[in-house]
Amino acid sequence: MASAEENEIIKTLYQHQFGFFMSKIMFTACELGVFDLLLESKELLSSAVIAERLGTSHIGMQRLLEACVVLKLLRMERKDNEGLFGNTDLANLCLAKSSPRTQYNFMKFLSDIVYPGSQYLIDAIREGKNQIQSVYAIASNDPFEYVYSTEERLQRFSSAMGDAWSLHGQELLSAFDLSCFQVVCDVGGGNGALAKEYISLYPKATVTIFDLPKVVEGAKKKSVSSEECRISFHGGGGVMVLETVINEDRTGPLVGHIRSIMMMLLCDGKERTQSEFNALLNAAGFKEIQSKKRNNYGAIWGRK
């Protein structure tokens with residue numbers, strides 16, 4: 001009979017073995033609209049009602065809902081021997097499309113691009129280089145050639161990045177007092193999601209979004225109003241890097257190593273330790289460097 005220690009080891013193994021499937025369960029419930037339906041209904045619903053309204057089989061929906069309960073994405077109450085389902089706070093905050101801090105677009109990007117691309121991870125490890133050509137089925141080694149090839153792909157990528165900043169932006173930007181900087185340049189600012197977070201913290205500031213012309217044009221049309229951000233170009237002596245920071249002994253955090261592997265797979269980037277970021281900033285002439293860690297990211301501030 002297995003000892004308590006062995007049982008814990010086996011439990012951890014099981015979680016890792018099926019971790020990818022747990023993610024796919026969440027992605028599937030998001031895409032089918034489960035969390036949106038439950039948020040809008042304002043009441044607990046049975047699996048039969050949810051299946052009917054979303055146009056799925058009852059048996060399939062019931063199994064999906066029960067798995068989401070175990071994953072703490074949904075809650076369930078039993079009434080007259082029937083399970084009734086509702087959203088958890090996590091689902092209302094992050095999984096319903098209508099939430100101001102929804103992560104739907106980011107998870108759609110993970111599900112459609114990163115998840116299928118992970119099948120090439122073993123090749124990336126063996127070769128020590130990205131697998132862009134295989135993942136995107138293109139001849140170029142530039143992932144943004146694929147991302148920017150159609151307006152639909154560009155908008156999908158911009159929306160995904162916007163979701164991430166809606167969740168983490170204010171926490172990171174408030175790591176330092178930036179009130180003395182009234183004119184800010186957001187390099188690679190995409191659809192302006194981070195710029196909006198900055199404006200909400202510092203209402204008197206203006207933010208320049210600096211990105212590729214087609215990205216900026218799309219942002220001006222669909223995401224950034226003139227009241228929220230005036231598009232202009234300015235020089236400056238400060239830079240703020242918002243990235244996952246690897247521990248100096250490289251023992252974590254897990255999210256940093258996952259992102260580093262993901263970037264090796266899909267582009268030529270990587271996550272770095274604080275000392276590696278310091279070296280980059282020093283090489284670029286930034287001497288006054290400060291850093292603070294937050295939940296999933298670090299905020300690194302450099303000034304010339």
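Start with the open sheet: select its 3 strands, which lie in the order β1-β3-β2 with antiparallel pairing (strands are DSSP E runs of at least two residues, numbered from the N terminus; two of them pair if DSSP finds at least two bridges between them). This is a predicted model, where local features need pLDDT of at least 70, side-chain atom pairs count only at pLDDT 80 or more, and totals for chains, interfaces and linings use all residues. Residues are numbered from 1 along each chain as its sequence is written, and side-chain values use heavy atoms, leaving out hydrogens and water.

Now pick out the edges, β1 (45–46) and β2 (74–79), each of which pairs on one side only. Click on K79 and look for its bridge partner in β3, E82.

Next, select helix α3 (residues 34–41) (helices are DSSP H or I runs of at least four residues). α3 lies across β1, β2 and β3, at about 90° to β3 (angles run from 0 to 180 degrees between N-to-C directions, with axes fitted to C-alpha atoms, for helices over the stretch in contact).

Then bring in α4 (residues 47–54). The axes of α3 and α4 are 11 Å apart, and the helices pack at an angle of about 110°. Therefore α3 counts as roughly perpendicular to α4 (65 to 115 degrees). To see the contact (heavy atoms within 4.5 Å), show V34, L37, L38 and S41 of α3 with I50, R53 and L54 of α4.

Finally, colour by pLDDT, the predictor's confidence in each residue from 0 to 100.

Methods
Parallel < 35°, antiparallel > 145°, perpendicular 65-115°, else oblique.
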